[in-house]
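Here's a quick briefing to read alongside the model. Have the structure open while you go through it.

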Amino acid sequence: MHTKTTLRLLTLGTTLFAGIACADPLKVALVETLSGPSAATGQMFRAATRFQIERLNAEGGWNGEPIQLLEFDSQGTPAGASEKLKAAIGSGAQMIVQGASSVAAGQITEDVRKYNLRNKGKEVVFLNVGGEALELTGSKCHFYHFRFNGNAPIRVKTLVAAMKEAGTLGSNVYSMNQNYSWGLDMEKSITENATAGGYQLVGKSLHDTQKVQDFSPYIARIQASGAQTVLTGNWGNDLLLLMKASRAAGLKLRFGTAFLDQPGNLANAGDVALGHYVSHPFNIEAAGEQGEKFASEYQAKTGHLPAYIEPQTVFALQLVGNVLKKLPAEDGRLNTRSFALALEKASDRNPLGDVRMRAEDHQLLMPFVVSVVSKEARYKVDGTDMGFVPIKSFSADEAAAPVQDACRMQRPE
Amino acid sequence: MEFLTVSLLNGVIYGLLLFMVSAGLTLIFGMMGVLNFAHASFYMVGAYLAYTLQKFVGFTTAVLLSTVLVGLLGVIVERFFLRRVHKHGHAHELLLTFGLTFIIAELIKLFYGNFSVEYRVPEFLNFAAFQVFSTDYPFYRLLMGGVSLLVFGLIYLLLTRTRVGIVVRAAIHRPQMAEALGHNVPLVFMAVFGIGAALAGLAGALAGAFYTTNPNMALELGVIVFVVVVVGGLGSMAGAMIASLLIGLISSFAVGVDLSLASLLGLVGAGDWAQQMGGLMTLKVSSVAATIPFALMLLILLIRPSGLMGEKG
C-alpha cells in the first residue's frame, strides 16, 4: 500500500526528469533495396553507410551522442521506398540515405519535397549517394536533396575524353542503353559528345531493363551499323550479357561503360572484359597513399576492398560528418535548414582530390577516374587475375557537367 | 536480308531454349494440375549444380549429373511436400511452390553469394560453327537448340509410343480410373514431376554457361516461361513448342523494328504531330521488344483463354 504508492510516485518522478537530461541523437535512415533482384547493390550501400557512420561515431558522433543508423528495406520498388520513407520519418529520422536505384531516388526526392512543404521547421534531408538520373538535379531538384555521385553527362564526358586520348574511341560509336531515366540520359549525353569526341553516332538502341536474355539481335544491329565502339550505361546482367553476346559473335568491339566495376562482372565475363573502359568515381590505384590507407581500413572493417559504389558513399557521409561537426544543436535537435545551408557550401578532400558541393543544384563536384580492365592492375577483382588500371584522372572541375536549366530550386527565405 | 537471317536463327534458338524450360512446366501442369512456381528455381539450381560439379568432373558429366540431381530434387519435392498438400487443393499447392521459390533463391545466395558466378562455356565448345554474313555463329547455341529438339523428340515418343506413355496419358485424363485398373498413379505423378524438374535443370546447366548464372536467374526466366505456357496452352507439349518459337522469334525480330505509332501516322501525314505528342506515340517497337510477349499473352487470354493448343473448357 504505502510501498506501492511510493514506488508509483518514484517512477513518475524519474520519468519526468529523464526527459530533460537526454539530447535527441541524430537519426539517419537508410531506405535501401535490401531484398529482391538488386539487393546485392543495396547491401553494398548499406555496408559503406555503416562503415562511415561507425567512423563518425568513433570520432564523437554528433552533439555528444552517437549517430543512430536506422535501416529500411524498400525492396527495390518506388512504392516500397515511399512506404519505408514514411516509416523512417515516423521513427524520427532527419536524414535519408539511398543509392541503389534512380527510380526509387526519384520517388524519395518527390516525397521528401512534399513532406518538407507541409512540415516547415521539421524538414528532412535526402542524401542521394547513388541515383544518377539527371532529373534528380534537374527538373526534380529541391533544396533538401543533395547528390554525392556522378550523372550521365559526367560519365560520358570523362569516358570520351579518356578513350579519345588513349586512341581507342574510334570514329564510329554505337549507343546501347536501358529504356528508363538513366539510360535515356546516357543516350542524350552520348549524342551530345559526338563533336567533342570526334566521332559519329552510327546507331542507338534502347532496351527493356533487366528483361533481355538474348542480346544477339542487338549485336546484329551494332554490326550492321559498322560501329567500332559501344558506349553504354548498362549495369548488371544487361552489361554482362551484352559483352558476352558480342564476344560470342566474334566482334571486336570496344566497350565504354559506367558500371563495369560492379562486383561479379569480371568473374563472370572472364577474358571477355579485357580492354574495356569504365568511368568511375574512385580507383584505389589512382588515389595514392591516402587511397591505400582508406582501402586497408575499409577492408579491415568489412572484409573486402571498397569497390563500385562504396567509396562515393563513404566520402559523402564523410562530408556530411564534417558539416555536422561545425553545427551545434538547436533545442537539442539538428536544425536541418541550417544543415542544408551549410552543406551546400561545403568542401572536402577525398583521396582522389578536392570535392565541393555546388549550391545551384546540390550536385557534388567530384573527381572521376577512367580505368581499363587489364591483367596489370595492382588490385585484382572478384578473385580473378584482372583489375582496373586507371588511365586518366579528372579533377572535380574537369569532370563537372553544367547546371541544368530545368533546375529551379526554391530556397528557404 | 542479313537482319532477317540472323534474327531468324537467334529467335529459333532462343525459342528452343525457352521450350526446354517450359516443357517441364507444361508437362507438370498437364498431368497434375499444379502450376509449379518453383520451376524456374529448378532451372537455377541446375545451373549452379553444373557450375559446382564442373570443377570436379568436367563439363559434359557435370551437365548430365546436374540434370539427374535436379530430377531427384523434383521427386523429393513432390513426394514429401506436394503430396501432403495435395488433398487441400490446388491453391495450397501453388502457395507451396511459391514459397519454395524464395527458399531456393535464399539458399543459393547463402552458398554462392549475391553476385554472378564464374560459370562459362568450356573451351572445347567455345568456337564458331559457321559465319553468317561475317558474324560468327557460336556452336554452343546450336548445341542448346539441338539438345532441346532431342528432348522434344524423346518426350513425344515416350508419351505416344510407349506403354509408360499410355499410362501417363491415362493418368492425366482419368486418374481414378487408371488407379482402379491397378496402375500406381502416385508413382506416375512423382516420376512426371521429376522428369519435368530434370528438364528445367538440364536447360539451366546448358544456358547458365552461355548467359549468366546469378541468384536472379529464376526471376528473369520464370516470368517468360509462364507466358510461354499460357500462350501455348496448359498441358500441351506441342503448344509449348509453338509458343516458345513464336515468342523467341518475336523477341528477336522486334529488336530490329524501329517503327512507332508516330512513323505509322507519318504515312497519313500526321507524323509531325505525333512526334510532338511524344510519350506513347514515339515509343519504338524495338525498345519494348522484351515486353511484347506479355502483350501476346494478354491477347491470347482475351481471345482464346485455353491457349493456342490447350483443351477447351
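Let's start with helix α6 (residues 181-192) of chain A, which lies across β6 (172-178), β7 and β8 (229-232) of chain A and runs at about 165 degrees to β6(A). Angles here go from 0 to 180 degrees between N-to-C directions, with axes fitted as lines to C-alpha atoms, for helices over the stretch in contact. Helices (H or I, at least four residues) and strands (E, at least two) are DSSP runs numbered from the N terminus. Bear in mind that this is a predicted model: local features need pLDDT of at least 70, side-chain atom pairs count only at pLDDT 80 or more, and totals for chains, interfaces and linings use all residues. Residues are numbered from 1 along each chain as its sequence is written, while chains are lettered from A and ligands numbered from 1 in the order in which they are written.

- α6(A) has 12 residues and spans 17 Å from its first C-alpha to its last, close to the 16 Å expected at 1.5 Å a residue (that is, 1.5 Å times one less than the number of residues).
- Buried residues of α6(A) include Trp182(A), Met186(A) and Ile190(A); buried means 20 or more other C-beta atoms within 10 Å of the residue's own, exposed means 12 or fewer, and partly exposed is in between, with C-beta atoms placed from the backbone.
- Their cover includes α4, α5 (152-166), β6, β7 and β8 of chain A.

**The seven-stranded sheet**

- Seven strands of chain A make an open, mixed sheet in the order β7-β6-β8-β9-β10-β14-β15; strands pair if DSSP finds at least two bridges between them.
- β7 and β15 (387-394) of chain A sit at the edges with a single partner strand each, so one side of each has no neighbour in the sheet.
- From one strand to the next, the twist averages 20 degrees.
- β10 (residues 277-280) and β14 (residues 368-374) of chain A pair antiparallel over four bridges, and Val278(A) stands opposite Ser371(A) in β14(A).

**Strand β1**

- Five of the six residues of β1 (residues 27-32) of chain A are buried, so the strand is largely enclosed by the rest of the structure.
- β1(A) runs parallel to β2 (residues 68-73) of chain A, joined by six bridges, and Leu30(A) has Glu71(A) as its bridge partner in β2(A).

**Ser246 in helix α9**

- Ser246(A) is part of helix α9 of chain A and counts as buried because it has 24 C-beta neighbours inside 10 Å.
- Leaving out residues up to four places away in sequence, Ser246(A) touches Ile219(A), Leu251(A) and Leu253(A); contact means C-beta atoms, placed from the backbone, within 7 Å.
- Phe215(A) is 31 residues from Ser246(A) in sequence, and their C-alpha atoms are 8.3 Å apart.

**Domains of chain A**

- Chain A splits into domain 1 (27-150 + 287-365) and domain 2 (153-280 + 368-399), with bounds from an automatic or database domain assignment.
- The C-alpha centres of these two domains are 28 Å apart.
- Across the domain contact, 18 residues of domain 1 of chain A meet 17 residues of domain 2 of chain A.
- On the domain 1 side, β12(A) has the largest share, with four residues.

**Where chain A meets chain B**

- 32 residues from chain A and 33 residues from chain B take part in the contact.
- α8(A) gives the most to the chain A side, with seven residues.

Notes:
Contact = placed C-beta atoms within 7 Å.
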